Amino acid sequence: MIEHTLSLCYHNKLILAPMVRVGTLPMRLLALDYGADIVYCEELIDLKMLQCKRVVNEVLSTVDFVAPDDRVVFRTCEREQNRVVFQMGTSDAERALAVARLVENDVAGIDVNMGCPKEYSTKGGMGAALLSDPDKIEKILSTLVKGTRRPVTCKIRILPSLEDTLSLVKRIERTGIAAVTVHGRKREERPQHPVSCEAIKAIAETLSIPVIANGGSHDHIQKYLDIEDFRQATAASSVMVARAAMWNPSIFLKEGLRPLEEVMQKYIRYAVQYENHYTNTKYCLCQMLREQLESPQGRLLHAAQSSQEICEAFGLGAFYEEMTRELNTRRAELLARTPEAVGEPAEDPSGVIKMAVKFDRRAYSPQITPKMCLLEWCRKEKLAQPVYDTVQRPLDRLFCSVVTVAEQKYQSTLWDKSKKLAEQAAAIVCLRSRGLPEGRLGEESPSWHKRKREATDQDPGGPRNQEQAVPGELCKKLFVALGSGEESPLEGW
């Protein structure tokens, strides 16, 4: 057995629960700021993690686990290293161990999700599906305990009978795990069903390892003092908070809840600092706003299509610009030290027409992009269609594209966050060099653009117009279930 080199204590702790799309780095750091002792990442599937490469991100001072498509699956930093627990979804002991060994140097603990009742988890034999296979539970946990240097825990739901539940948790305890989290509902129950404090209490009184109580947000936890009441009602060692922390992470603060505006601004600052994808940032802010989604600020948030626009909606435009400059300066300094990592396009630069441009979606007509304009022009002139050659530099994973049109190459000197954005920038360089329309707002539109608009005008019931006719509907859908007493399909367990 491998000796555990870091012993994370699970006694008398306030814990941020693992929640899908919520438990990313900005939310975890925010919860720590407000008093959480331990934070769990969102459930990450073993097969997905095993495709990832561990990358030290010197620009952000983070450790990133990056998928083959360059998407960051898990990001962590030194500040949370001794308090972040990595939760995985798994149905196989060897895969679970491989994931644990991949991340163990960057986290404080390893947790196996055995409580999620959603199909995306159970259909692979993971989550709550494991509750009906005690042999597999024992094998997974025993393998992890023997094979990893970090304390191992699991998160379960209660079974139909208390007797069966107690039998299962005793077997789980014998594997040598450090603690068990109990969501006090059965597999088929949802947040509108009352949490069973009695079942959690019976488990806590049966086991000698710490029991972490979970599931109290709907009925019990609205403020800090309620957390201790829930702990006493369940006789648990610690309490794990999900929805109440998602709605306002300052629930962990002894002095009481902070104003939501303050909390959201602090969250946004972390999101920008650690380059959280704007769609994830937007989702978490929508969860916090809840019934305020139709407020003026809620509508601005709904309309935002970038991190910059989110910042502007919350009065943080200057902060975004300052942080962007700082991050770009760091990149430039690192690139200056490691010129071999720049990865410039292979073409001879003397034959490439270059401009320092970026594609800003807000500056263009809704259904028109520079790439579309360039393609249409090539067709009109009976030229071969544009050919894009896009590269990515390893240091910061930014992209640069060179487009070839009529044997001439065009390139933007500014690197972009995605392949699509880099290609649009290259198209802009070509169009501007040739004095051609590129689809910008207020620009005189060629006949092709007019045909696009006419087609839209002739179909007022088309999908795009239907979508625009209901502002805020996208964000509101996230909370229809919560308002009706049902669960959000994206929340973890």
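Let's start at helix H6, whose buried residues are covered by, among others, helix H5 (134-147), strand E9 (152-158) and helix H7 (197-206). Here buried means under 20% relative accessible area with a 1.4 Å probe, counting protein chains only, while helices (H or I, at least four residues) and strands (E, at least two) are DSSP runs numbered from the N terminus. Keep in mind that this is a predicted model: local features need pLDDT of at least 70, side-chain atom pairs count only at pLDDT 80 or more, and totals for chains, interfaces and linings use all residues. Residues are numbered from 1 along each chain as its sequence is written, and side-chain values use heavy atoms, leaving out hydrogens and water.

Which residues of H6 are buried? They are Thr165, Leu166, Leu168, Val169, Ile172 and Glu173. Looking down the axis of H6, these buried residues fall within an arc of 160°, so they line one face of the helix. That arc is taken from the directions from the helix axis to the C-beta atoms.

Now for the wider picture. The protein has 19 helices and 16 strands, and 54% of its 493 residues count as buried.

How values were computed
Buried means under 20% relative accessible area, exposed over 50%, partly exposed in between (1.4 Å probe, protein chains only). Contact means heavy atoms within 4.5 Å.
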